Amino acid sequence: MIRVLLPTHLSRLVGAGRELTIALEEPATVSTLLDALEARYPVLHGTIRDHASKQRRPYIRFFACGEDWSHHPLEESLPAEVLEGRAPFMIIGAMAGG
């Protein structure tokens with residue numbers, strides 16, 4: 001099970017806690033994780049990724065194992081620590097300004 005941490009506003013939108021668990025089959029990538037998350041919580045369609053391009057929305061960042069994954073290819077395999085549930089995959093709502 002992959003642990004996913006959502007920002008507060010998205011966890012309220014889905015009506016769940018900030019940490020969700022998602023089961024994925026291989027290959028487990030950012031793209032397949034987001035597909036599974038949107039399938040389980042349809043209200044998230046278009047909130048994390050653009051509907052048409054499937055690219056990450058501005059001001060949304062991804063982190064795994066203390067590393068910024070926002071600019072990694074969406075088809076890159078997730079780290080073993082995330083796949084094994086030892087580290088969460090974090091979706092962060094970035095803030096601009098001060």
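**Asp68, at 29% relative accessibility, is partly exposed.** The cut-offs here are under 20% relative accessible area for buried and over 50% for exposed, with partly exposed in between (1.4 Å probe, protein chains only). Arg61 falls in the partly exposed class too, at 24%. The side chains of Arg61 and Asp68 form a salt bridge, with N to O at 2.4 Å; the term asks for a side-chain nitrogen of Lys or Arg within 4 Å of a carboxyl oxygen of Asp or Glu. A quick note on the model: it is predicted, so local features need pLDDT of at least 70 and side-chain atom pairs count only at pLDDT 80 or more, while totals for chains, interfaces and linings use all residues. Numbering runs from 1 along each chain as its sequence is written, and side-chain values use heavy atoms, with hydrogens and water left out.

**Strand β3 (residues 60-64) shows one covered face and one uncovered face.** Helices (H or I, at least four residues) and strands (E, at least two) are DSSP runs numbered from the N terminus. Ile60, Phe62 and Ala64 make up the covered face of β3, whereas Arg61 and Phe63 sit on the uncovered one.

**β3 has antiparallel partners in β5 (residues 89-93) and β4 (residues 67-68).** Pairing requires DSSP to find at least two bridges between the strands. β3 and β5 share five bridges, with Arg61 opposite Ile92 of β5. Two bridges tie β3 to β4, and here Ala64 has Glu67 as its bridge partner. The β3 and β4 hairpin has two residues between its strands, and Cys65 takes a positive phi near 55 degrees there.

**Phe62 is among the residues with the most contacts inside the largest nonpolar core.** This core has 25 residues, and Leu37, Ile48, Leu78, Phe89 and Ile91 are also on the most-contacts list. β1 (2-5), α1 (8-14), β2 (19-22), α2 (30-40), β3 and β5 each give two or more residues to the core, and α2 gives the most, four. A nonpolar core is a set of buried Ala, Val, Leu, Ile, Met, Phe, Trp, Tyr and Cys residues joined through side-chain atoms within 4.5 Å. Leaving aside residues up to four places away in sequence, Phe62 touches, among others, Leu34, Ile48, Trp69, Leu74 and Phe89, contact being heavy atoms within 4.5 Å.

**Helix α2 has Val30, Ser31, Leu33, Leu34, Leu37 and Glu38 buried.** These residues lie on the same side of α2 because they cover an arc of only 160 degrees around the axis, the arc being that of the directions from the helix axis to the C-beta atoms. An α-helix has 3.6 residues a turn, so residues three or four places apart point the same way. Packed against the buried residues of α2 are β1, β2, β3 and β5.

**Asp35 and Arg49 meet in a salt bridge, N to O at 2.7 Å.** This pair links distant parts of the chain, 14 residues apart: Asp35 belongs to α2, and Arg49 to the loop between α2 and β3. Asp35 is partly exposed at 39% relative accessible area, while Arg49 is buried at 2%.

**Glu84 and Arg86 form a salt bridge, with their closest N and O atoms 2.5 Å apart.** Both residues are exposed. The whole structure holds six salt bridges.
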